[in-house]
Amino acid sequence: MVRLIVSILLGAGITFALFVLMAELIANSSRPQEESKPTPVIDIVMNEPDSNTQVRSRVPPPPPPPPQQPPKLEPVEPDTSDANNNALSFNIPGVDVGGASVDIGAPGAMMRDGEATPIVRIEPKYPMQAARDGKEGWVQLSFTINEVGGVDDIEVIDSEPKRVFDREARRALSRWKYKPKIVDGKPVKQFNMKVQLDFKLEGS
């Protein structure tokens, strides 16, 4: 019986407390909101630029002067030295080119009548084996000068020692260039031309 009475009183107290709490909540919600503080206004004042400020204007640099024209090179005439020159030297070892056995004539114009004129002569290489063995010798060759000044139909007439210097002599002669022989204003072939190339070691 006592428990029942205590339970009723405890329930009544809790119920009363809940009613009081709800009444407070309703009273707080009905209050007007506090007025918000006014937003401060920031006034920005721009100062006028000083009239004494110097303004620097940028001037573009002057254009560079035009490049100077390179000097004109004078044309160089090809080597027209006589075929009888001797002692064409190499650093290791030297080769002497002997005189040709045919009259090649004086240098002349391309379209004037005359004999063939050498303009390019290539020195032959000294065979390495012959240089090591200290061999010297010569090679006699026959050839044809064609209409454009090239060398054709190279043949070895004689050589000493045999077949030691033949290959290099033929190779060098094939690269020689001539002004061809002119007859009646036209270039013609010259057959059975002959030359001897001497191979000598320096200091011999």
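Reader: What makes the meeting of glutamate 168 and arginine 171 a salt bridge?

Author: A salt bridge needs a side-chain nitrogen of Lys or Arg within 4 Å of a carboxyl oxygen of Asp or Glu. The side chains of glutamate 168 and arginine 171 come to 3.8 Å, N to O. That is within 4 Å, so the label applies. Side chains of opposite charge can pair when their charged atoms come close.

Reader: How far can I trust such values?

Author: This is a predicted model: local features need pLDDT of at least 70, side-chain atom pairs count only at pLDDT 80 or more, and totals for chains, interfaces and linings use all residues. Residues are numbered from 1 along each chain as its sequence is written, and side-chain values use heavy atoms, with hydrogens and water left out.

Reader: Why are glutamate 168 and arginine 171 separated by about one helical turn?

Author: Because they are three residues apart in helix α3. Helices are DSSP runs (H or I, at least four residues), and strands are runs of E (at least two), numbered from the N terminus.

Reader: Is glutamate 168 buried or exposed?

Author: Buried means under 20% relative accessible area, exposed means over 50%, and partly exposed is in between (1.4 Å probe, protein chains only). Glutamate 168 has 15%, so it counts as buried. Arginine 171 has 38%, so it is partly exposed.

Reader: What does glutamate 168 touch, not counting residues up to four places away in sequence?

Author: Pro124, Lys125 and Pro127. Contact means heavy atoms within 4.5 Å.

Reader: How many salt bridges are there by this rule?

Author: Two. Aspartate 158 also forms one with lysine 162, where the closest N and O atoms are 2.6 Å apart. Aspartate 158 is partly exposed at 27%. Lysine 162 is partly exposed too, at 48%.

Reader: What makes the link between serine 159 and aspartate 166 a polar contact?

Author: A polar contact is a pair of N or O atoms within 3.5 Å; within protein, one must be able to donate a hydrogen and the other to accept it, and residues adjacent in sequence count only if both atoms are side-chain atoms. The side chains of serine 159 and aspartate 166 are joined at 3.1 Å. That is within 3.5 Å, so the distance passes.

Reader: How do you know that β2 and β3 pair?

Author: Two strands pair if DSSP finds at least two bridges between them. Seven bridges join β2 to β3, so they pair. They run antiparallel. One of the bridges links threonine 144 to aspartate 152 in β3. In their hairpin, five residues lie between the strands, and glycine 149 takes a positive phi near 90 degrees.

Reader: What makes a group of residues a nonpolar core?

Author: Its members are buried Ala, Val, Leu, Ile, Met, Phe, Trp, Tyr and Cys residues joined through side-chain atoms within 4.5 Å. The largest such core here has 19 residues, and Leu141, Phe143 and Leu173 touch the most other members. β2, β3, α3 and β7 each supply at least two residues of this core. Leaving aside neighbours within four places in sequence, leucine 173 is in contact with Leu141, Phe143, Val151, Ile154 and Val195.
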